[in-house]
Amino acid sequence: MATELAPEAANHAAEQAPTASEYIVHHLTHLSTTHQTKIIDFSILNMDTLFWSITLGAITCFVMWLAARRATSGVPGRFQAMVEMLVEMVEDQSKAIVHGNRTFIAPLALTVFVWVILMNAMDFLPVDMFHPLFNLLGLHLDHHRAVPTADLNGTLGMSVGVLALMLYYNIKIKGVGGFIHELFCAPFGAHPLLWIPNFALNLIEFVAKTVSLGMRLFGNMYAGELIFLLIALLGSTATWWGFGMHVIAGTVWSIFHILIVVLQAFIFMMLTLVYIGQAHEGH
Amino acid sequence: MTNVALVALACGLIIGLGAIGACIGIGIMGGKYIEASARQPELMNTLQTKMFLLAGLIDAAFLIGVGIAMMFAFANPFVG
């Protein structure tokens, strides 16, 4: 225990190994261009989030392209059967939710689903694997976070994309006039006294949808990542008890996390479809 | 009480109260799902999809609370 040591020895120990709190904070700091001081600052880029999300997005598109190119009408192999099941599942859901032209929306939902699964699944890689790996490759990074969806900027970016699609489809289906009419005349009625409450309610609805969509995915992945870090701390006690608990707790949480990873990706896809589907329906 | 003690109590409350809500919600929904699929087994598959969707939605609020509580416990903005 560091508190029982003499001050010099404690200082020495702190130089040697970080405390639990320092370890967690270190692992939760992004590789960003500059240090963030304000809550909202658009000049900062989180390089790790950008790198992993773009890489995994490219992998998603490549794998789906490969499946489409290799598709045969004969007996499908395992890979093709898996992709076919995924496509069919997403197609069924989008058919039930969105009434209208789905040539863009259904592939969008499929891409979002696979992409979010891959980004969430970065959580399964050991938290302390990246640092030695990067050192081995000759990259000396101060901080690095592997899960793009455990970064609020990443998930809110995606949900703002969904908001843009909602607005686009609202205008496309109802026309500019129809959309503005709906903003001011739904849900209470078209009486001029009700225009302001209607508009305020619609505005709140759009903001709440966007924020909750991003926060839900972020909260789940952030909590999951933190619990993996806490489990990693158990192992760092370097005792047999700690090691045993690390293995047991890590296994249990990883298995439970498979459910959360897939479920949250599914929910993100479903809510994207629901929100875009709502844009297709007039009041 | 010191700030640290209050924050520790707050973390316990965030996780505990959130868990109560989420567990009651999941319990009621799971019970209703079993009831519904006993009455109409042919609806089981459609209901299952919706149940998992809702389970994720109920779970999310609780897990966001856990995340925030963990952040207070380790990277605390309130304790110097």
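# A tour of chains A and B

Start by selecting helix 2 of chain B: its 31 residues reach 43 Å from the first C-alpha to the last, close to the 45 Å expected at 1.5 Å a residue. The coordinates belong to a predicted model. Now centre on B:A60, where helix 2 of chain B bends by about 30°.

**The rest of chain B.** Along the principal axes, the C-alpha atoms of chain B fill a box of roughly 60 × 20 × 10 Å. The radius of gyration of chain B is 18 Å, whereas a compact globule of 80 residues would have one near 12 Å. Colour chain B by burial, and 19% of its 80 residues come up as buried. Which contacts hold for the chain over longer stretches of sequence? Of the contacts in chain B between residues at least 6 apart in sequence, 79% join residues at least 24 apart.

**Where the chains touch.** Show both chains and select the contacts between them. Here 12 residues of chain B are in contact with 16 residues of chain A. On the side of chain B that touches chain A, 10 residues are nonpolar, 2 are polar and none is charged.

**Chain A as a whole.** Chain A has 9 helices and 0 strands, and along the sequence its pattern reads α-α-α-α-α-α-α-α-α. The C-alpha atoms of chain A fill a box of roughly 75 × 60 × 35 Å, taken along the principal axes. For a compact globule of 283 residues the radius of gyration would be near 19 Å, but chain A has 24 Å. Under the burial colouring, 28% of the 283 residues of chain A count as buried. Among contacts in chain A between residues at least 6 apart in sequence, the share that joins residues at least 24 apart is 66%.

Zoom in on A:V112 and set aside its neighbours within four places in sequence; A:V112 is then in contact with A:F268, A:M269 and A:T272.

**The end of helix 3.** Next select A:R70, which lies in helix 3 of chain A. Is A:R70 buried or exposed? A:R70 counts as exposed because it has 12 C-beta neighbours inside 10 Å, and the limit for that class is 12 or fewer.

**A cis peptide.** For the last stop, select A:A186 and A:P187. A cis peptide bond joins A:A186 and A:P187, with omega at about 0°. A:P187 sits in the loop between helix 7 and helix 8 of chain A.

Technical notes: Residues numbered from 1 in each chain as written. Chains lettered and ligands numbered in written order. Predicted model: local features only at pLDDT ≥ 70, side-chain atom pairs only at ≥ 80, totals over all residues. Rg over C-alpha atoms; globule rule 2.2 N^0.38 Å. Buried ≥ 20, exposed ≤ 12 C-beta atoms within 10 Å, placed from the backbone. Contact = placed C-beta atoms within 7 Å. Helix = DSSP H or I, 4+ residues; strand = E, 2+ residues; numbered from the N terminus. Nonpolar A, V, L, I, M, F, W, Y, C, P; charged D, E, K, R; others polar. Expected span 1.5 Å × (residues − 1). Bend = angle between axes of the 7 residues up to and from the residue.
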